[in-house]
Amino acid sequence: MLFGRYRVQLDGHHLRAHAWGEPASVEHHCPAVEVKGATFTALHVAPAPGGGWLAQTVMDV
Amino acid sequence: VDLELLRRRGPCEWEIPMQGAMRVPAVIYADEALVRAMDLKVHEQAVNVACLPGIVGASHVMPDAHWGYGFPIGGVAAFDADAGGVVSAGGVGFDVSCGVRCLHTGLQRGDILAVQRRLADALFANIPAGVGSTSAIRLSGAEMDAMLVGGASWAVGRGWGTSADLERIEEHGHMLHAKPAKVSAQAKRRQRDEMGTLGSGNHYLEVQEVAEVFDPTIAGAYGLATGGVVVMIHCGSRGLGHQIGTEYLREMVVAAPSHGLTLPDRELACAPIRSDLGRDYLGAMRAAINCALANRQILTHFVRAVFAEVLPKASLPVLYDVSHNTCKLETHCVDGQARELYVHRKGATRAFGPGHPELPAALRDVGQPVLIGGSMGTSSYVLAGTTRSESLAFSSACHGAGRAMSRHQALHTWNGRDVIDELAAGGIIVRSPSTRGIAEEAPGAYKDVTAVVDAADEAGLARKVARLLPLVCVKG
């Protein structure tokens, strides 16, 4: 699946989200590599300076 | 890596002396230019690995090493379970048992040139390649478990190959002590439709000609001669291996404190070999090795079917099949004493020397074939394991060229279509579902494989036997 639209709700330390997507299609999306897995490299979740939150992870491809 | 940080032991051997929490030194096998070009992270990671409990001898770095997850890619480390040794999911890698298989064809370069484009199209049409690729094979739950225990032997039992193939595969085609029960339902679900698929990224299938022979005696024993044609398959354990890596990495990070492990870097997540988690990971990882062996066996069957159609006079027995992301229990002589060690090879190839009992009779006198995949459009190499390699790095050698540039950089440097056209002008026909993938895998994004192989030969890790050049490349 490839996701393109998200609705995220934050309630204290709880996050609920809906994600919309479609099955990956080589012809339509022209993906280059598969994600092997999410890693702990530079894993970071914190309030962003401009408001909201920033969550980051590095994917192994 | 700054040479100031190293003590030179020989033309292609450098030591990172013991410091801080290191339990053993680290040793880099590479020439000066390759060492200088290595990311400083490789140095840091080799040092971190040397700090892990139960490590024996040294933390080894192969000539093609680059920055990996926890362990460098191109890292070799052996652990003694009796000395509190650990097993690390990051020390094996996400693509468990990614490896290379080489098939003879009995054909000559001229045979391929006569049908080159037709062969390329037929291979591309029949070898599922690229992101999300699936084959017509669907495994039920019971068949999945049988595959995870039986590996290539299971595939041969299903009619995909012959029993003669099995003796040319490490572990005779199936890794013992695999535990399908320790592989999650999600990992099995991801694999259900992916048996007999190449995958994407750096995975490929190439038809190659033997361009140069360095050691005629060993080449003769391997059945290689200049002008001859082989097929090289590079792929791994697909979604199942990736999922096992992801899940056990997380479990190992969480459980580390309960095992009394203080990790220099959380990417080094590991578990004692003698712990429930260590045993579970080993069982799941061995099941993933079987998945990769079965996958390459099924792909072999697909390749044979294509050749039967396009070049019916071809015969495609297996030369050899190596895995370069594994942890295996092996007996090695350390300071004159035989010891049972868990050898992690991440982006490193097992390279047993002449006389090793694991090798098939036909290869035992000359040593194990070490198959080194180049990058698309460049040379690949066949090397042979040496007797000396055991004392250097637990009988291990390099695995490929190793990336010199990130995928992102490559994408901004090359255009996939141009790369395909340039390779075609050089006589190499490339077929791929993704031109973007081609740009990311452009030959220039990799280190010079010849320099890597020369360094491995010079260091004594393995001996150069033959150089291969691609004629057809199906890129995942």
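**Figure legends: chains A and B of a predicted model**

**View 1. The elements of chain A.** Chain A contains one helix and six strands; helices (H or I, at least four residues) and strands (E, at least two) are DSSP runs, numbered from the N terminus. Along the sequence, their order is β-β-α-β-β-β-β. The radius of gyration of chain A is 15 Å, well over the 10 Å that the globule rule gives for 61 residues, so chain A is more spread out than a compact globule. This radius is taken over C-alpha atoms, and the rule is 2.2 Å times the number of residues to the power 0.38. This is a predicted model, in which local features need pLDDT of at least 70 and side-chain atom pairs count only at pLDDT 80 or more, while totals for chains, interfaces and linings use all residues. Residues are numbered from 1 along each chain as its sequence is written, chains are lettered from A and ligands numbered from 1 in the order in which they are written, and side-chain values use heavy atoms, with hydrogens and water left out.

**View 2. Burial and contacts in chain A.** Of its 61 residues, 16% are buried, meaning under 20% relative accessible area (1.4 Å probe, protein chains only). Among contacts in chain A with a separation of 6 or more, 15% join residues 24 or more positions apart; a contact means heavy atoms within 4.5 Å.

**View 3. The overall form of chain B.** Chain B has 16 helices and 19 strands. The C-alpha atoms fill a box of roughly 60 × 50 × 50 Å, taken along the principal axes.

**View 4. Burial and contacts in chain B.** Buried residues form 66% of the 476 in chain B. Residues 24 or more positions apart supply 77% of the contacts in chain B with a separation of 6 or more.

How values were computed:
Buried < 20%, exposed > 50% of the residue type's maximum accessible area, 1.4 Å probe, protein only.
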